[in-house]
Amino acid sequence: MIESRNDIACWVSAYIERRFGIVFLPEMTLADTGLDSLSSVEMLHELESSFRIKIPNEVLGGAITAEELIDRLFELKQADVGTSAHPYENYINPYLAEKLRQLKIDRNFVRAEGAYLFDAEGRRYLDFMSQYGALPFGHHPGRIWDAIADLRNDAEPAFAQPSMLESAGRLARRLVELAPEGLRYVTFSNSGAEAIESGLKLARHATGRRGVLATHGGFHGKTFGALSATGKPDYQSHFGLPLADFDHVDYGDVERLRAQLEAKPGHYAVFVVEAIQGEGGVLCAPPGYLRAA
């Protein structure tokens, strides 16, 4: 834990010696170490990660001496005493919070409208992500809020199980009308991962087979079954995944897919594939691949 001025002095000296191979004397400046714009960014990230405080870029001005740098860092650390990190960092995901801070995108958005996000200082940001496709109608679309208000005013039960759910039945009927020929039933889910889990169970039950074939680089969710189908070993290794009977083939390669199916005839219940791989690098399927698959 880095707390005292002496702790900070030891850290700075050790970093400079490790990074630049020189002893950082009190009267030396950062410019004397050979610190340039790139290495100053690296050092700033190291400092913020180690001290767990935000450090202004100008703190690493080339003319600042070792003594001045240590004093300034100690002042920042003292000023930070008594202030608490954002609850998201404390109670949800400190690793992601640290990455956002390193990338200088640790924004706190307080309002959203349409295609725009607004931070606490009133700055407006164009949201290109659409939150990974989860907000196709934008932030706070009026028609959806109006529908929610109508539901509240109608006082129809939002959760009454077991019962003949009125709104759910009407929505399912409309979805079946819009779906391809031959689909008769709707299973509602709360997330993409839950939808994948339902699909895996349906496929195994319908076919009596256990095998699940997916693609390398694919992403399908982080529950056990969905994560087993996800073709990213660094997501799986911490949890003893993938589960048995989950295999992966190269995305976009029909011949590899055919060879895998022929190698295990009658084994696979389902082939799980994205039309466009998101986390795999935003890769579109080659022309004809999905139809052939």
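Guide: A salt bridge here is a side-chain nitrogen of Lys or Arg within 4 Å of a carboxyl oxygen of Asp or Glu. The model is predicted: local features need pLDDT of at least 70, side-chain atom pairs count only at pLDDT 80 or more, and totals for chains, interfaces and linings use all residues. Residues are numbered from 1 along each chain as its sequence is written, and side-chain values use heavy atoms, with hydrogens and water left out.

Arg256 and Asp250 form a salt bridge, 2.6 Å from N to O. Arg256 is partly exposed at 48% relative accessibility, and Asp250 is partly exposed at 29% (buried is under 20% relative accessible area, exposed over 50%, partly exposed in between; 1.4 Å probe, protein chains only). Another salt bridge joins Arg258 to Glu255 at 2.7 Å, N to O. These two residues lie three apart in helix H11, about one turn of the helix. Glu255 counts as exposed, at 53%, while Arg258 is partly exposed, at 38%.

Three strands form an open sheet in the order E5-E4-E6, paired in parallel (pairing needs at least two DSSP bridges between two strands). E5 (246-249) and E6 (268-271) are the edge strands, each with a single partner, so one side of each lacks a neighbour in the sheet. Three bridges join E4 (residues 211-215) to E6. Helix H11 (residues 254-263) packs on this sheet and touches E4, E5 and E6, contact meaning heavy atoms within 4.5 Å.

Technical notes: Helices (H or I, at least four residues) and strands (E, at least two) are DSSP runs, numbered from the N terminus. Axes are lines fitted to C-alpha atoms, for helices over the stretch in contact, and angles run from 0 to 180 degrees between N-to-C directions.
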